[in-house]
Amino acid sequence: VQLQAFGGGLVQPGGSLRLSCAVSGRIDGISDMGWYRQAPGKQRELVATVTSGGNTNYADSGKGRFTISRDNAKNTWYLQMNSLKPEGKAVYYCNAEIRTSSYSIFRPYWGQGTQVTVSS
């Protein structure tokens, strides 16, 4: 099972980016999906999560500006980031609770990260 994140890049302050994360490999189901980020010299922190039922949770830093969504048919989830600020510069990682068979438990998987740089 692999998670691959897409969509990072360089954007000016106030701009927008849309990150995507796709799962490949043989799986039985995905529970929670999420995005985390790690800025240089800082610990990895939560950005947003979405449950299998569609309930969302956001860090205060992204409330009102970020939107997480999921496409269960495609095993893909997204993070729409608007009004980006320079402090949003970080490597963004996708995460999901996945089980690989109906007999296994859900466990966390991580993507490789995608760099987001907010700078003029």
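Strands E7 and E8 (residues 76-81) run antiparallel and are joined by 6 bridges, where strands are DSSP runs (E, at least two residues) numbered from the N terminus and two strands pair if DSSP finds at least two bridges between them. Across this pairing, Arg70 stands opposite Trp77 in E8. The model is predicted, so local features need pLDDT of at least 70 and side-chain atom pairs count only at pLDDT 80 or more, whereas totals for chains, interfaces and linings use all residues. Residues are numbered from 1 along each chain as its sequence is written, and side-chain values use heavy atoms, with hydrogens and water left out.

E7 and E8 belong to an open sheet of 4 strands in the order E1-E3-E8-E7, with antiparallel pairing. Its edges are strand E1 (2-6) and strand E7 (66-71), each of which pairs on one side only.

Turning to the aromatic residues, the count comes to 1 aromatic pair, taking rings of Phe, Tyr and Trp (its six-membered ring) with centres within 6.5 Å, and calling planes under 30 degrees apart stacked, over 60 edge-to-face and the rest tilted. The ring centres of Tyr36 and Trp110 lie 5.0 Å apart with planes at 65°, so the pair is edge-to-face. This pair links distant parts of the chain, as Tyr36 in strand E4 (residues 29-38) and Trp110 in strand E10 (residues 107-110) are 74 residues apart.

Rings also meet charges here: the charged end of Arg18 sits over the ring of Tyr78, 4.0 Å from its centre, and that of Arg44 sits over the ring of Tyr93, 3.7 Å from its centre. The criterion is NZ of Lys or CZ of Arg within 6 Å of the ring centre and within 35 degrees of the ring normal.
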